[in-house]
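Dear colleague,

Here is the structure I said I would pass on. My notes on it follow below.

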Amino acid sequence: MSASFEPGSIESQCYARWQRLDCFKPSGTGDPYCILLPPPNVTGTLHMGHAFQQTIMDALIRHARMSGKRTLWQGGSDHAGIATQKIVENQLAAEGKTRHDIGREAFVERVWQWKEQSGSAIGNQSRRLGASIDASRERFTMDEGLSAAVRKVFVEWFRAGLIYRGKRLVHWDPVLQTAVSDLEVNSEERDGFMWYIRYPFSDGPINGLDGMTIATTRPETMLADGALAVHPKDERYRHLVGRFVDLPLCNRRIPIIADEYVERDFGSGCVKITGAHDFNDYQVAKRHNIELIVIMTLDAHMNDNAPAAYRGLDRYDARKAVVADLERDGFLIKVEPHKMQVPISQRSDAVIEPMLTDQWFVDLTRDVMPDGRPGGRKVITEPALEAVTSGAIKFVPENWAATYTQWMENIQDWCISRQLWWGHRIPAWYDKHGHYYVAETPFEAHRQWLDASDNGGIIGHAKLQPDDTNEEIDQKLLRAGWRERLQQDNDVLDTWFSAALWPFSTMGWPQTDSPVVIDGKTVADWRSDQQFLPSAVLVTGFDIIFFWVARMVMATTYFVGRNPDGTYTPERQALKDRVPFREVYINAIVRDAEGQKMSKSKGNTIDPLDLIDGIGLEDLVQKSTTSLLIPQVRAKVEKRIRRDYPDGIKAVGTDALRFTFAALATHGRTINFDLKRAEGYRNFCNKLWNAARFVLMHTEGFSAAGEPTRVTLAEKWIHQRFWWTMELVTREFRNYRFDLVAHHLYQFVWNDYCDWFVELAKLALHGDDKAAAQSTRHTLLYILEGILRALHPITPFVTEEIWQEVAPRLGLTQPSILARPYPDVREPSAEMSAAEYAEAQARILATAVTLETSRITFLIDAVERLRSIRSQFGLAPSRQVPLLIEGQLIDPELFSDIEPMLRALCRIESIRHLDADAPVPAAASASFQGAKLLIPLAGLIDLDAERARVARELKRVESEIAKCEAKLGSATFVANAPTAVVEQERQRLDKWRDDHAKLAAQAVRLAEPIVS
């Protein structure tokens, strides 16, 4: 091993070794254990959220693999419909073109080319993190097998009446010109106005009232009003229901209707109903059969349904014109500033426009269809809800189950069509009359069409084949003299539709009787791979519980094991056997050290690879500001980076980054990533490396196998401490408390092994007892190898590298640490190998509390107390000191056992017990075992000088305390300073107070006579 720990030089070698040995493929005879990687967008690059999430998944998968389970981490990537199309459209825009200029076929081909060139970036970055994904099985949501699954699901749900096409109001992105999910819409508070408008009665004033007053934040939409509405119990307006008003600026009359949707106490108690441009109004309009008038084009300009004066205007220009005309004609009563919630597209930042369009939907709300078949609520929604309420799927933390169930109980039908070119094209074909034929292949759609018109014979005449493409069928029909054509639907499916099938489509479904082969290699085989369904745990963020988690549950519980008649195979009969995963671990969102959301415009994002490899300041500034187009934002970001990273970012390596993520992985909603912690865990890896070098140096030429004999007390103690730690680690792995796993391992490795056992081992190694020295060498190696196995799921690279050096000295012949069992706390069983059985038996013996091992605990307590005295009084570690014992020890035999080690560890030249009536000299003391351990100070330090130094230091600390208290006592400081700065000041105050208490105690000890 090299003299220093240099992660960059070992990581690529370790990963290459694992790949060469096929370590990541399913193997072993244990229970199946699978994790599904949330497929990252093919457009993506690794960010801190990915790095955190993949650290958790890899820790779980490596732990399961080493625990003997047949383990699969299923990876792949998502085609990311909108995001990918946007990237390629931007490329075309740079060339002065649009997708329409080159046509659909050429555009899709260009996207595929871009995907092949750039689509593997995030996979390569994941490997840098140590992600042990089985690369031979990686899938893409538009590969041949997954595309077949998408078509199968669409057709099956359509035939069951669960997918339908209809004109419905949807969230419309006028920039991308596609429908988007309501889950892809953010609500932002913005400053706007409330316009109050008078609608005059068509037949003149009624009871002295000349019209109705409404208030609106979107006056341009009044051009599409279909009615005014009042509450049916509102006495002010009950007599007006059924009367008509003139719609200002339009040559139309609209009725006054009554509906309980109206809030009597809000505004005037009268609202306009614009059914084609507002979701609430849409429901009212449907209840009262009010005409739905669309007045906007798909790019949010006024269409021909608007009065001529406004046609062709952008919606906001139309708003200005409408307001001006209302004021001109005397219909505008007043205008008030108003804060309002505006729907914003996550994809384009455009303001969403409710739009009445033809779309495809999955039925999730009907109990029964008109023909008596069960509706989507019964066969899709309710089983997915029951999967969680019954406990078949558990959320961790469990509070997220309530979030899931609340959404499912209030679910709406799912709009699955998108007006894009990149994605899974909807498998529906239209004839010239607008009738559509839904099928898995163009051939089957044409068969339905031709059979429906009694022209089935043309199939044979034209020599149509089941695997023909649309273009091939068109050409064959043309040659056969058949001039009519089918046109496939231009829309594609929502990206989340294919993602919903991820748990079972990646395992080979619907190709259930043969392997799925892509590019000449087998990527799945349902016959064997269905053992991984349900998978063990899904690791994901709370932001896609609805987007993805719920929809995977819906699709999987419906399709897996389903027979054509709607029953389920015996092995999938129970709902618990049809769920996609047993548990859902909702990971926290990574924020910066101050708890702020990471954002490029804030300059607080960190590239995980920059933490791993390091980056200089100037390179970091350039990297962080290149894509920022606004000069003010660019300057602000550069200023922050130069402040936060004056020396750039030092390389910490992958293991330190992963350990940091594990240590932060509580069950909270967010974690604050602090670079200083990563640097601290870099020191932890370095300490482990140096401890291993010490062990290897002192075991040169030594080899042993099996369990150590454990001759010394220190060996028995460290063995017990190791298994106690592993009991805690085993429990916390089960509880998904990775922060506590990291904490327990850190404490054991740093304190128990590296600090104490290594030091205690030196006594045996340099002593005269050869048997003790040999046993200690064995135990040093044995526990170190156990540590490496225990740490491996979190810090894979450093543990693999050290293990390769340690293994031969213990007679271990496995090619990698991944082939070794995880040191789980398990009862001995006949299924274990001989080595595992021996280890389990040794653990049971080791974890029993004995007087022998407790002696080391008392020794450590005594050493720490005496070293604290030496430190406080500035006594050099190498200086020999006398030790006096005042009083009666509770257990003199215990002290006798540890006395030789105490002398060596504390540099004690002599030990003397004071008689009961003997005078006590000036000494520093520490309580121990009912007595006092005294170190006489005379001759060791200048008492007067030490008293003066302590007094000066006390005054300095009191001054610092006063400064902190003054700051924190200022309401202005506490109110205006950043939260992190205030918290830092509180921590400084706590530290100064702690220092003051220690100095005060030291001053007391320096008084005559000195006592503790």
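The buried residues of helix 3 are Gly81, Ile82, Thr84, Gln85, Val88 and Leu92; buried means under 20% relative accessible area with a 1.4 Å probe, protein chains only. Seen down the helix 3 axis, these residues fall within an arc of 165°, so they line one face; the arc is that of the directions from the helix axis to the C-beta atoms. They pack against helix 4 (99-102), helix 5 (104-118), strand 6 (178-180) and helix 15 (495-499), contact meaning heavy atoms within 4.5 Å. Just after helix 3, glycine 96 has a positive phi of about 80°.

This is a predicted model, in which local features need pLDDT of at least 70 and side-chain atom pairs count only at pLDDT 80 or more, while totals for chains, interfaces and linings use all residues. Residues are numbered from 1 along each chain as its sequence is written, and side-chain values use heavy atoms, with hydrogens and water left out.

Helix 22 (residues 653-664) packs on helix 25 (residues 738-765) at an angle of about 120°, with axes 5 Å apart. Axes are lines fitted to C-alpha atoms over the stretch in contact, and angles run from 0 to 180 degrees between N-to-C directions. Phe659, Ala662 and Ala663 of helix 22 meet Phe738, Asp739, Ala742 and Tyr746 of helix 25.

The protein chain has 33 helices and 31 strands; helices (H or I, at least four residues) and strands (E, at least two) are DSSP runs, numbered from the N terminus. Of its 1012 residues, 53% count as buried.

Regards

Definitions and conventions
Buried means under 20% relative accessible area, exposed over 50%, partly exposed in between (1.4 Å probe, protein chains only).
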